[in-house]
Amino acid sequence: MSKNYDYLFKIVMIGDSAVGKTSVLTRFANNNFSQSFIATIGIDFTMRTIELDGKKVKLQVWDTAGQERFRTITTAYYRGAMGIVLVYDVTDAESFDNIRTWISNIDQHASSDVEKLLLANKCDLVDERAVSVERGEKFAADNQMRFCECSAKTGQGVQEAFTQIARDIKAKLDRRNDESAGASGVAAGAGRGGGNSSKRRFLIGRLRRPGGGGCNGGGHKIKCSLL
Ligand SMILES: Nc1nc2c(ncn2[C@@H]2O[C@H](COP(=O)(O)OP(=O)(O)OP(=O)(O)O)[C@@H](O)[C@H]2O)c(=O)[nH]1
Ligand SMILES: [Mg+2]
């Protein structure tokens with residue numbers, strides 16, 4: 001069967017219930033939004049292919065339930081993840097404080113070199129904001145994560161967040177492939193031409209983190225900025 005992508009990346013979304021994980025993913029995959037809240041039961045996934053540097057990158061994004069009672073099921077999916085998006089709600093300080101707990105879940109269940117992105121959602125609710133951009137950015141920097149702000153409602157910053165984590169995963173893989181140059185020329189671990197193993201160990205080495213280029217633009221003024 002012919003493949004219509006160059007890379008397949010598995011990404012998992014985590015965070016408290018009602019922070020907007022499903023909404024962000026729905027915006028990304030279908031470009032729509034619903035005001036009603038239907039809590040996710042267990043876990044689900046959505047695919048969308050984007051283009052990066054002329055390559056087709058298929059994103060398999062797993063949307064987990066934030067509710068505690070599903071934790072055993074959802075953490076089982078961390079292991080094969082190449083990227084994890086940690087979502088909080090900018091109007092809910094507790095969801096931000098709980099990011100620490102989500103990080104310790106990652107430490108326990110995910111690959112140690114998984115790419116992480118902290119995503120501050122609901123930035124359209126300007127008057128209800130409880131967590132500043134600066135707090136989010138600082139926390140992300142202190143914990144070696146990318147930082148993006150977005151609104152699933154308006155769509156602001158959503159595409160940029162997924163593009164950013166995909167770019168970071170790809171950079172790590174490309175670097176690894178460069179290091180093992182001379183082998184087959186196949187994008188090892190990227191799922192190129194196959195993408196059927198979710199248990200590969202991959203993503204070795206450290207990735208250079210450029211000051212700019214993130215969806216926060218590497219600066220402090222831009223929220224949910226366009227790339
Ligand atoms: N104003 C605003 N509301 C949002 C935004 N994103 C999500 N919501 C609302 O927040 C509520 C919860 O959204 P969900 O996407 O279902 O939350 P979740 O994180 O998937 O929750 P669980 O599945 O229980 O983990 C819904 O009523 C959404 O309409 C946003 O960017 N802005
Ligand atoms: Mg959900």
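Guide: One definition first: a helix here is a DSSP run of type H or I with at least four residues, and helices are numbered from the N terminus. The model itself is predicted.

Visitor: Okay! Which helix gives the most to the shell around ligand 1?

Guide: That's H1, which contributes three residues.

Visitor: And how many residues surround ligand 1?

Guide: There are 23 of them, and the closest are Gly20, Thr22, Ser23, Thr40 and Gly66. By type, the shell splits into 12 polar, seven nonpolar and four charged residues.

Visitor: Back to H1. What is the angle between H1 and H6 where they pack?

Guide: About 90°, and their axes are 9 Å apart. H1 covers residues 21-30. Angles of 65 to 115 degrees count as roughly perpendicular, so H1 and H6 are roughly perpendicular to each other.

Visitor: Which residues make that contact?

Guide: From H1 you have Val24, Arg27 and Phe28, while H6 brings Val158, Gln159 and Phe162. Four of the residues in this contact are nonpolar, one is polar and one is charged.

Visitor: New topic: what is the strand order in the open sheet?

Guide: The six strands run S2-S3-S1-S4-S5-S6, and their pairing is mixed. S2 (43-52) and S6 (146-149) are the edge strands, each pairing on one side only. On average, neighbouring strands are turned by 25° against each other, ignoring direction.

Visitor: In what sense do S4 and S5 pair?

Guide: Parallel, over seven bridges, with S4 at residues 83-89 and S5 at residues 115-121. To pick out one bridge, Asp89 has Asn121 in S5 as its partner.

Visitor: Which strands does H6 touch when it packs on the sheet?

Guide: H6 (residues 158-179) touches S1, S2, S3, S4, S5 and S6, and its direction makes about 170° with that of S5. Another helix, H5 (residues 133-142), lies across S5 and S6 and runs at about 155° to S6.

Visitor: Last one: what pLDDT does the protein average?

Guide: It averages 84, and 79% of the residues score at least 70. Over residues 185-227, though, the pLDDT is below 50. That stretch still has 80 contacts in the model beyond near neighbours in sequence. Where pLDDT is low, the predicted coordinates should not be read in detail.

Conventions:
Residues are numbered from 1 along each chain as its sequence is written. Chains are lettered from A and ligands numbered from 1 in the order in which they are written. This is a predicted model: local features need pLDDT of at least 70, side-chain atom pairs count only at pLDDT 80 or more; totals for chains, interfaces and linings use all residues. Two strands pair if DSSP finds at least two bridges between them. Helices (H or I, at least four residues) and strands (E, at least two) are DSSP runs, numbered from the N terminus. Axes are lines fitted to C-alpha atoms, for helices over the stretch in contact, and angles run from 0 to 180 degrees between N-to-C directions. Two residues are in contact if their C-beta atoms, placed from the backbone, lie within 7 Å. pLDDT is the predictor's confidence in each residue, from 0 to 100. Angles under 35 degrees count as roughly parallel, over 145 as roughly antiparallel, 65 to 115 as roughly perpendicular and the rest as oblique. Ala, Val, Leu, Ile, Met, Phe, Trp, Tyr, Cys and Pro count as nonpolar, Asp, Glu, Lys and Arg as charged, and the others, Gly among them, as polar. A residue is near a molecule or strand if its C-beta atom, placed from the backbone, lies within 6 Å of it.
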